[in-house]
Amino acid sequence: PASPLVWLAIITISLLCTVFALCLLTMGIQILGPVTASVLNMIEPVTSLVAGFLIFHDRLSVKSTAGCGCIILSALFISM
């Protein structure tokens, strides 16, 4: 980054995103319980991939689709 203002913006955004995400995870653990919250947290890469596809029109490769399938299967096996 070229200026201290850009550094400040980067640090602020990263801290806010981290704190916000951890607060939501803590609330999810309190509301849903640790097992359900961890299974839902494990599916986060799938939601990121789907959101990227729908919002940003990213391409879905065979590897990423297979990875999503593996994540969903592992979440199902854990929940059983």
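Select Phe 20 to begin; Phe 20 sits in helix α1. Helices here are DSSP runs of H or I with at least four residues, strands are runs of E with at least two, and both are numbered from the N terminus. Phe 20 counts as exposed because its relative accessibility is 56%. The classes are buried for under 20% relative accessible area, exposed for over 50%, and partly exposed in between, with a 1.4 Å probe and protein chains only.

The model is predicted: local features need pLDDT of at least 70, side-chain atom pairs count only at pLDDT 80 or more, and totals for chains, interfaces and linings use all residues. Residue numbers start from 1 along each chain as its sequence is written, and side-chain values use heavy atoms, with hydrogens and water left out.

Areas come from the Shrake-Rupley method with a 1.4 Å probe, and for residues only the protein chains shown count as cover. Which helix gives the largest share of the nonpolar patch? Helix α1 (residues 4–32) does, with 5 residues.

**Along α1**

The expected span is 1.5 Å times one less than the number of residues in the helix. An α-helix has 3.6 residues a turn, so residues three or four places apart point the same way.

Next pick Val 19, also placed in helix α1. Val 19 is partly exposed, at 48% relative accessibility. Draw a distance from Val 19 to Ala 2: the two are 17 residues apart along the chain, and their C-alpha atoms are separated by 26 Å.

How many disulfides does the count come to? It comes to 0 disulfides, a disulfide being a pair of cysteine sulfur atoms within 2.5 Å. Cys 17 is in no disulfide, and its nearest cysteine sulfur, that of Cys 23, is 12 Å away. From the side of Cys 23, the closest cysteine sulfur is in Cys 17, and 12 Å is too far for a bond. Cys 17 is partly exposed at 49% relative accessibility; Cys 23 is partly exposed too, with a relative accessible area of 43%.

**Before and after α1**

Go back to Ser 3, in the segment before α1. Is Ser 3 buried, partly exposed or exposed? Ser 3 is partly exposed, its relative accessible area being 26%. A distance from Ser 3 to Ile 72, 69 residues along the chain, gives 43 Å between C-alpha atoms.

Continue to Asn 41, in helix α2 (residues 34–42). Asn 41 is partly exposed, with 44% relative accessible area. Asn 41 and Thr 18 are 15 Å apart in space, C-alpha to C-alpha, and 23 residues apart in sequence.

**α3 and His 57**

Select helix α3 (residues 44–56). Its 13 residues should span 18 Å at 1.5 Å a residue, and the end C-alpha atoms are 17 Å apart, which agrees. Then click His 57, which follows α3. His 57 has a positive phi of about 60° although it is not a glycine. The residue lies in the loop between α3 and α4 (62–79), and His 57 counts as exposed at 66% relative accessibility.

**The whole chain**

Finally, zoom out. The chain has 4 helices and 0 strands, in the order α-α-α-α along the sequence. Its radius of gyration is 17 Å, well over the 12 Å that the globule rule gives for 80 residues, so the chain is more spread out than a compact globule. That radius is taken over C-alpha atoms, and the globule rule is 2.2 Å times the number of residues to the power 0.38. The C-alpha trace spans about 50 × 35 × 15 Å along its principal axes. Of the 80 residues, 10% count as buried. The accessible surface comes to about 6500 Å², with 79% belonging to carbon and sulfur atoms.
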